[in-house]
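Please read them alongside the model.

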Amino acid sequence: MLFLFSSLPSEAADARQLQEQRLHEALLRLAAGETDAMSVLYENSKTAVFALALSILKNRQDAEDILHDTFVQLYRMADRYDRGGRPLSWILTMTRNLCLMQLRRKSRTEVSAEDLEFPETENPFATAEDRMILQTAIRCLEDDERQIVMLHAVAGLKHREIAEQMHISLPAAVSRYHRALQKLQKHLKEA
Amino acid sequence: MRNDPMEQKLKTAAEHLTPDVLDRILADCAKEPKGEILYMENISDPRSRNNNWIKVLSLGTAACMMIGGLFWWNRYRALNYTVEMDVNPSIELRVNKAEKVISAEALNKDAEIILEDMKLKGVDVDVATNAIIGSMVKNGYLSELSNSILLTVESDDHQKSVEVTDRLTNEINAALDSFGGSVIAQQVVSDNDLQNMAGDYGISEGKAALIRNILNELPMLKAEDLAEMSINDLNLLASSKQIALSNTTTTGSASESGYIGTARAEEIALEHAGITSADTDFINTELDCDGGIMEYEVEFLAGGVEYEYSINARTGQVLSYEYELSSGGSVSAGGNYITAQEARQAALDDAGLTESEVTFIKTKLDQDNGSMVYDIEFYTASQEYDYEIDALTGKVLSVDNEIGGFTAQTQTGSYISAEEAKAKVLEHLGMDASEVTFKKVELDYDDGMMQYEIELYTADREYDYDLNAQDGSILSWDFEALKAWNQGGSGSTAAAAAIDSETARSKALAHAGLSTATFTKTELDYDDGRAEYEIEFYTADSEYEYKIDGTTGAVLESKQEARQTSGGSSTISEADAKRIALERAGLTAADYVKVDYDQDDNEYEVEMRSGNTEYEVKISGSTGAVLEYDSETDD
């Protein structure tokens, strides 16, 4: 059945809360100079950061660079973290800004096959289907659709948070998300 | 667990394909002394990938250099360094080894006024600098209200840069002695990033370098907003935030005389909140920039409540304010608010749930339209609830209920009738048709499916429903309590408007203390069964929204917002945007498809098509710069 809104089921909501809690604690520890908190921070947000960077830059290698740059910047900026803030949103805003700076540096026009090549040896669990899904998402979705999909499905942000981040209305975020998923499904079937 | 297989697949794919760069991050963090600025190009690894085009380009560049080299060398062989001076006028001086000016270039229109009739070629650079500063003062660009100047020295020889910067800083400070200037002096080595940034925003490379420096420290700000700000505002922002900028020294203090000042901003905020400074436990004020507008952020704590105000730094207008119960504190001023636990229980009672069945996400005491309400959000296994509870009475003011579980499905076949849809709603409410008044029953296409949108009210509530038009299932619903003054027994019908639109407009104007304004909307609507006018208008500096009772003329709601005057309106025309886009794509007018203007971002989006290739180009409405360029060829 097609419903108007999708919401996070409690299990996912619990996981998100736990993730936010871990990020919050890791940022506070990092700000206090505990460098080992970096691996907790990294493990709990790397996928969201990489997915957002990939969705904006449409280039795997550039997204990997931004993944690296985001965490180096977090290391430097941890003492500026607002204790009352939402850590994942804060991290992803930083990622978005770094991506936009990167885009300004390069004026790439088209996405080439090489841009989206995922090395075979990177992760033994990665399948051909995984590669095809991400490649299709990048090729077939509009820029805003792709970012919305990554932020909700991968990063676990609520539609409301995505609407805030992208300066669009909540209904727009929800409807673009649904449209993007349908489009993605259609393209994958055709492929 | 995610509901949609596609979501799960995407998440898994991203997890599997995210590279592991933790070792590289840790190694780089270890190298870096904390607190020191790193430029992004230093952070990124230099890559050898994709460099074939660089080789081709290098060969091309080398060939060009061979052809034009002799001419170039003859003209600039004596170039030693360049000096840029930015206030708003931006001027570039090229200086040779004998410290004489080779050329003086106006980088914007204001600078043309400054350099008018000034012959600086061959003049000693110190003398030229003095003359330029004198002209800036004479033309009003530098004054006690705005006393900051950005001095940028660009040279491959760092020692030379530092020496020249010091000398010219002293020269400028001496010239501005009458009112006390502030010089931000920086040494810069140009790079592609700076050149692109300067080109994108139509600013000098010096200003671009300063903005990049500020963004490194304050990454939450936007480059486009900073680009619109004057050097004095950037100087104020940097000093208010107490950030240290690399390769930069600042002498003197930026003038705040053009603004109302910290003390006045605090006074305005306290007065608005009805609190005296003696009653505050803590107050902190910072100058900030939001959307290119300078504002004072005033935060204070009083009676266990945290207040946050944004005050327009130039006009003193209250731009926004909010207050909430401080964590661990209690509102003793009112003394009679219900507790957070009581508010949560009221929401649970209304939803027919127990605490063990839900996960609370948010419980926040907040101010809404002048009264205190609790915002409460929680989830169950399948639904998300968003409640507003009156903090004085515990009454449920509104509930927003979102049903989870999105599954793609294609609708086919016929739809239920409007009467059947209404019956479904009545069944859900457990009410009889005589107890409600339907305001709207509309078949609509939304979110990829046919839906019935139904609005109705009962004796004390107004409901909104969305139904799947095919099977009548309820997709979402919410209600709001009717206002006390409008509860007139069951099935009350909407009252007709007793006043005309002209009277409603004048009521709104009188309330705003205005005699005239430009109206953009006057609409008679029925809300909560009451006739009311929705009126919108604006003046040179504010936008207003009003709701006026259609029967009594009373002001039901009013809202005033400062107009975004900085960067909000387009300075280049649609035709210009179209021309720039066609040039960028190398196409002709015949290939043009359409142009859209996005007022929020002040951007034009131009679509073109040639053969089976589609082009999309985004153009800045303020500078005409190409912000994005995309082309896609159909298979």
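1. Helix 2 (residues 37-57) of chain A packs against helix 2 (residues 22-31) of chain B at an angle of about 140°, the axes lying 11 Å apart. Axes are lines fitted to C-alpha atoms, for helices over the stretch in contact, and angles run from 0 to 180 degrees between N-to-C directions. Helices (H or I, at least four residues) and strands (E, at least two) are DSSP runs, numbered from the N terminus.

2. The model is predicted: local features need pLDDT of at least 70, side-chain atom pairs count only at pLDDT 80 or more, and totals for chains, interfaces and linings use all residues. Residues are numbered from 1 along each chain as its sequence is written, with chains lettered from A and ligands numbered from 1 in the order in which they are written.

3. At this helix pair, A:Met38, A:Ser39 and A:Tyr42 meet B:Leu22, B:Ile25, B:Leu26 and B:Cys29 (contact: C-beta atoms, placed from the backbone, within 7 Å).

4. The mean pLDDT (the predictor's confidence in each residue, from 0 to 100) of chain A is 83, and 88% of the residues score at least 70. In residues 1-9 of chain A the pLDDT is below 50, yet this stretch has 38 contacts in the model beyond near neighbours in sequence.

5. In chain B, an open sheet of 4 strands has the order 23-24-25-26 with antiparallel pairing (at least two DSSP bridges between two strands). Strand 23 (592-598) and strand 26 (626-633) of chain B each have a single partner strand, so one side of each lacks a neighbour in the sheet.

6. Strand 23 of chain B is joined to strand 24 (residues 603-610) of chain B by 6 bridges, and B:Val595 stands opposite B:Val606.

Methods
Two residues are in contact if their C-beta atoms, placed from the backbone, lie within 7 Å.
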